[in-house]
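Hi,

Here is the structure I promised to pass along.

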Amino acid sequence: MDIKKKHGPWVMCVPISNMSIEKDGLDQEHQVDRVTFISAAKLPFKRKKLGIPMRISTIQNKYKSIVDNILKTNNTYAIIRFNGCIEAEEVKILTRIREELSILSLSQLGYAKRRSSFAPNIAREHSVGVTEYIVVNSKDSSLMSSFSLRGKVGPLVLNKRWKHFQQKAFYFNLLKIIRGEIGVAKQWKIDLRNAAIMAGQSQCMIDLPQAFLWNMIALELLLIQQNDKYAKELPKRAEALLGWVNYWSDDDYEFKINDLYQKRCELVHKGDRESILIDDLLFSDDLLLNLFINIVGHIDIFCSKNALIDFSEKVQAEHILGVKPKVRPKSFKYFKREYTKFDYQRF
């Protein structure tokens, strides 16, 4: 019988590139939702809990020709359990792993700059490329050559420093929502998960317009209902959550958000890639960071998107009536990122 057609309880072990889980802080193991990421050093000691019946050394010896390239050449693995037959579930399970890698990549929002972020992925699916060329002067025959790496080079390291930042930000509480450990409205949970995936994928991209578009989709998932007038509601709802900070008026965030949305429309409807700047991407990063921090950090208030919209309407009513603000909790936060000239250089 073809083993791919055999039904049963299975454990898929997938090698992961560009990611390292340290003993320091995480004990070499991190669970996102259904997927557990674990170091190669820890795997033999946790294999029973993860559902692997044989010793890792036994698997290596018994199936050497099949598993050597997987189990001896990688430092990190994704482990997921499922029922059914491999043939029917394989695509769904691998998609799930990629999605949870994207959610993990979202943890870099605020933690790392765009130029120092990484792209953890299934091993060898997205290898770092090389750009090389020569340039010859048509007049005097002078010549130069160039060789450079293309892509996100290096591993995302999950360690004590990473864990400390996530405890101050939003990532760990977001995982609790995604896992169902914190209850929210069903569609809101889906929107939060999808926003996390899109924003996480954006962190891994080296194409500026595409990274920008993924960020804008994430912003819309967080703030907008399907039948809303996006251009009107996007800045209004962002203001409800962030308008209390001085940067909102000092840096004219309302104008900048409207500008982001116009550029998003020009990109989607006219294919205009040239108007999108690094500044647009970094500003959308900052918006997402602080929206996630305040939404996830106050999920008791924002237990559904309707609750967020009602909150926004109450803040707007305060503005219109000119009364003393009482709707926004004093525990709202704002993380201000500082950028250098290097950060604004084209990818």
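Predicted model: local features only at pLDDT ≥ 70, side-chain atom pairs only at ≥ 80, totals over all residues.

Asp250 counts as exposed because its relative accessible area is 59%, and exposed means over 50%.

Salt bridges come next: the structure has 24 of them.

Glu90 and Lys4 pair through their side chains, with 3.1 Å from N to O. This pair ties together distant parts of the chain, 86 residues apart: Glu90 sits in helix α5 (residues 86–106), and Lys4 in the segment before β1 (7–17). Both are partly exposed, Glu90 with a relative accessible area of 27% and Lys4 with 32%.

Helix α5 also holds Arg96 and Glu100, which are four residues apart and so separated by about one helical turn. Their closest N and O atoms are 3.0 Å apart in a salt bridge, and both residues are buried.

Arg98 bridges to Glu125, with 2.7 Å between the closest N and O atoms. Here too, distant parts of the chain are linked: Arg98 is in helix α5, while Glu125 lies in the loop between β6 (121–122) and β7 (129–136), 27 residues away. Arg98 is partly exposed at 34% relative accessibility.

There is also a salt-bridge network that joins Asp228, Glu233, Lys236, Arg237 and Glu313.

And how many disulfides are there? The count is zero. As for the cysteines, Cys265 is buried at 15% relative accessibility, whereas Cys303 is partly exposed at 34%.

Best wishes

Conventions:
Residues numbered from 1 in each chain as written. Heavy atoms only, no water. Buried < 20%, exposed > 50% of the residue type's maximum accessible area, 1.4 Å probe, protein only. Disulfide = S-S within 2.5 Å. Salt bridge = Lys/Arg side-chain N within 4 Å of Asp/Glu carboxyl O. Helix = DSSP H or I, 4+ residues; strand = E, 2+ residues; numbered from the N terminus.
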